[in-house]
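Here are some notes for a reader who is opening this entry for the first time. They take up the sheet, and then the domains.

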Amino acid sequence: MKNLNCLKGDIDPKNLDRKPFSFSHSLADHPALSIESLIKMIPEMPKEKVMFSKGLDSLKINFDNALDTHTKQLDLMEVIETIRTSNAYIAVRNSELHESFKVLYKDLIEDIAELLKINGTGTAPIGPTLWLFIASPNAVTPFHFDRTSNFIMQIRGSKELAIFPPRSEEVFSRAITESYMDWEPELPLWTEEVDKHAHKFHFKTGDAAHIPFTSGHYVKNGSEDISITLSIFFHSDETLRWSEAMKINNRLRKLGISSQAVDRSLAVDSFKSTVFPAVDSVFNVARKLRGN
Ligand SMILES: [Fe+2]
């Protein structure tokens with residue numbers, strides 16, 4: 001494998017979206033990612049791209065709801081000023097829109113493209129989106145999963161990052177995964193029982209990890225400093241195919257029809273992905289006829 005721009009260390013592309021793994025990155029000293037630069041950058045971002053929250057201290061909180069409610073109620077500048085002491089959390093979506101992130105965004109895309117090509121799951125990341133997270137010491141990111149594949153890079157501070165195996169019925173059910181993928185709001189809840197399945201990474205400045213597509217995860221920040229984390233979310237050809245196949249499976253489940261889980265048959269997943277736009281249109285028409 002050729003030398004990558006930002007992602008470093010021992011990366012086996014065959015593990016992409018199959019299991020979590022850690023490696024390293026070279027962005028910790030990037031000037032755009034210092035707290036001084038970020039304090040300038042965040043207020044310059046479009047308002048709808050910045051979400052924030054205070055008092056996240058339990059793994060059982062519904063993360064989506066907390067960010068949405070708190071962003072409407074709190075003042076961003078107050079959250080920034082008190083971030084060292086308030087269990088606060090700031091998330092900036094589409095950080096690549098800011099001039100200071102453009103080059104590192106391009107470099108990361110090239111790195112991911114290289115890994116996908118070696119893995120045979122694409123030639124470039126689809127819909128790559130940069131998220132920036134700034135969090136207080138001891139702040140918790142509750143248990144959840146995301147609808148894309150992800151590389152996460154620690155820029156400052158430390159955290160415990162727990163990542164669960166993707167698409168494991170022992171962690172949460174296939175029905176929950178597929179309904180959440182189909183934009184229904186049901187997130188799995190963390191339990192003590194499920195925790196034994198987690199891969200736990202002690203994550204410090206310069207460390208990176210891969211969170212596979214639909215892998216559950218949670219984060220507990222270290223106590224000694226604020227945490228700055230950069231994530232790039234994307235689809236490969238494979239995860240986009242799985243994503244659409246999962247939506248089909250969810251619609252079939254609602255009709256009482258059982259279906260095959262993704263990643264068992266390329267032909268079946270490809271077929272579902274191909275017919276998804278037509279099936280989605282039929283469901284939309286049915287929804288309109290029902291008046292919801
Ligand atoms: Fe996440």
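1. Two strands are said to pair if DSSP finds at least two bridges between them. Strands (E, at least two residues) and helices (H or I, at least four) are DSSP runs, numbered from the N terminus.

2. This is a predicted model: local features need pLDDT of at least 70, side-chain atom pairs count only at pLDDT 80 or more, and totals for chains, interfaces and linings use all residues. Residue numbers start from 1 along each chain as its sequence is written.

3. Strands β1 and β2 (residues 21-25) run antiparallel and are joined by two bridges. L7 has H25 of β2 as its bridge partner.

4. Both strands belong to an open sheet of eight strands with antiparallel pairing, in the order β1-β2-β10-β7-β12-β5-β4-β3. Its edge strands, β1 (7-8) and β3 (50-53), each pair on one side only.

5. The protein chain is divided into domain 1 (7-238) and domain 2 (241-290); these bounds come from an automatic or database domain assignment. Between the C-alpha centres of the two domains there are 28 Å.

6. How many residues of domain 1 are in contact with domain 2? There are 12, and they meet nine residues of domain 2; contact here has C-beta atoms, placed from the backbone, within 7 Å. On the side of domain 1 that touches domain 2, the elements giving two or more residues are α5 (174-181) and α6 (237-254). Of these, α5 gives the most, with six residues.

Note on methods:
Contact = placed C-beta atoms within 7 Å.
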